[in-house]
Amino acid sequence: MGLRTAAEYMEGLRDGRTVYFHGRPVADVTGHPHLGVAAKHAALDFELAEDDRHQELFTWADDRGSLHSRYYKRPESSGDLLNRREMIETSTRCGRSVVLLVKEIGTDALFALDLVTRVVDDKAGTAYNDRVAAFHRHCRDLDLTLAVAQTDVKGDRSLLPSQQAHPDYYVRIVEEGDDGIVVRGAKAHTTGTPVVDELIVLPTRAIGAEDSSYAVAFAVPVDTPGVKLLASPFGAAEGDSSFHYPVSSRHRLVDTLTVFEDVFVPRERVFLQGEWQAAGFLANTFVEFHRFTAVSYKPPLCDLFIGAAALLAEYNGIEKAGHVREKLTQLIAWTETVRGLSRAAAHDCRITDSGLAVPEVVLTNLAKFHFAARYHDAIRWVQDIAGGLVVTGPSEQDMDSHETRPYIDRFLGGGNGAEASDRLKAMNLVRDLTASDFGGYNQFLAIHAEGSLEAQKITIHRDYDIDRCKSLAAEAIGVDRG
């Protein structure tokens, strides 16, 4: 089939999938006032692949000359990872700092499944890798979109899955047959689910033999019977005004509580079935790829922070103030550290025995940790430069009123000849990014998406070669460590 158009993608979402919003079923996500915006945002992926200015970056030809989305290209070098990073940053910038995430995260999971199932097959004599390869080709050839459901609802986090008050706090296998399995449970924080074609499910943690029924990975179409999506209303504009909400009125993600109510999964779509030793391995391997995606899509938001702060410093007439230069420098250092570390992670990738390029783990986690740890500082710097009109300024209706507009034009102009309307638009950009429902959503994403700050610290400490440094210290003091 090859590449789909944006219209074909939107039509594919009208398949009778079970989605709820504010407790009510949604018949057509593409026409819904909230979910439809998320679908149009995701459609940018297909528009970019058709755009002559971006087609070379977003598409690639296989050995037979067939054209595909480049997201489905298996990374086999630092160059492939750098291209992937550039693709993610470019598409996110086109989404005004909102990542598309309808192919990025799914292919992260496919690469992790490719790597892990090779190991499982070698040890257990299974044939999972052939199934993963077939599913990869299926998604590539039909130009499908993907979500990943990994985070179980967990219940009491101090307990393993089989120790919970009831058994469905983690997704588990409840029936097994020659033709497939039946699964039950729920996953939280699943991004993009209502606006994708396929859903990949992965385990979320290391488990023991007593939890083997929870060691399951599979893929199903979103319209599969028993898959039910409870869409979150949070993280979007309270209205459709592009004046008040220049980003979130047109670009948004949607997350779901993803319920599996006795869902049948065909045998060829099962990628892990009870091999509990591999659950943690798969969870961690997926994160190695997905955190690289994360630090590839963060810089466009950082760039907007810099731009909004600098523009308002000009409009407010304070661009020469020492504290403003200091804050802008801090924002630039924050942004370019994240961008530079993500590029370095691609350059320093490791190549597996199967030829798969894996981003360098410590550098990837350092980038994500640095972004998240300084995010609230960045908000403070931007808001301090912007000023109080961010949350006390007049409304779009005041701008449109012949009675009130003259007062706005007379009193709210700014430095360097700034028009009141331009100054307010810049204020509204800061509010949308930092002080709206969308801004609050982004603050939580900074801390928790792709793993918490603690998760990154654990990974950095675990994967860094501390022993090498101990040996250097011992050598410096003349101690033989043996």
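## Exercises on helix packing and a covered strand

In this predicted model, the axes of helix H9 (residues 299-315) and helix H10 (residues 322-347) cross at roughly 165° and come within 9 Å.

**Exercise 1.** Determine how H9 is oriented relative to H10, and state which residues make the contact.

*Solution.* Begin with the crossing angle of roughly 165°; because angles over 145 degrees count as roughly antiparallel, H9 is roughly antiparallel to H10. The handedness of the crossing is left-handed. Turning to the residues, H9 contributes Pro299, Cys302, Asp303, Phe305, Ile306, Ala309, Ala310 and Ala313, while H10 contributes Val324, Leu328, Leu331, Ile332, Trp334, Thr335, Val338 and Arg339. Sorted by class, the contact of H9 with H10 has 13 nonpolar, 1 polar and 2 charged residues.

**Exercise 2.** Carry out the analysis for helix H15 (residues 420-434) and helix H16 (residues 437-448).

*Solution.* The axes of H15 and H16 lie 4 Å apart, and the helices pack at an angle of about 45°; H15 and H16 are therefore oblique to each other. Asp432, Leu433 and Thr434 of H15 make the contact with Phe438, Gly439, Asn442 and Gln443 of H16. By class, this contact of H15 with H16 has 2 nonpolar, 4 polar and 1 charged residues.

**Exercise 3.** Describe the two faces of strand E5 (residues 146-149) and its pairing with strand E8 (residues 198-201).

*Solution.* In a regular strand the side chains alternate between the two faces of the sheet. In E5, Leu146 and Val148 lie on one side and Ala147 and Ala149 on the other, and all are buried, so that both faces are covered. E5 pairs with E8 in the parallel sense over 4 bridges, and Ala149 stands opposite Val201 in E8.

Note on methods: Residues are numbered from 1 along each chain as its sequence is written. This is a predicted model: local features need pLDDT of at least 70, side-chain atom pairs count only at pLDDT 80 or more; totals for chains, interfaces and linings use all residues. Side-chain values use heavy atoms; hydrogens and water are left out. Axes are lines fitted to C-alpha atoms, for helices over the stretch in contact, and angles run from 0 to 180 degrees between N-to-C directions. Angles under 35 degrees count as roughly parallel, over 145 as roughly antiparallel, 65 to 115 as roughly perpendicular and the rest as oblique. A crossing is left-handed if the near helix is turned anticlockwise from the far one by less than a right angle, and right-handed if clockwise. Contact means heavy atoms within 4.5 Å. Ala, Val, Leu, Ile, Met, Phe, Trp, Tyr, Cys and Pro count as nonpolar, Asp, Glu, Lys and Arg as charged, and the others, Gly among them, as polar. Buried means under 20% relative accessible area, exposed over 50%, partly exposed in between (1.4 Å probe, protein chains only). Two strands pair if DSSP finds at least two bridges between them.
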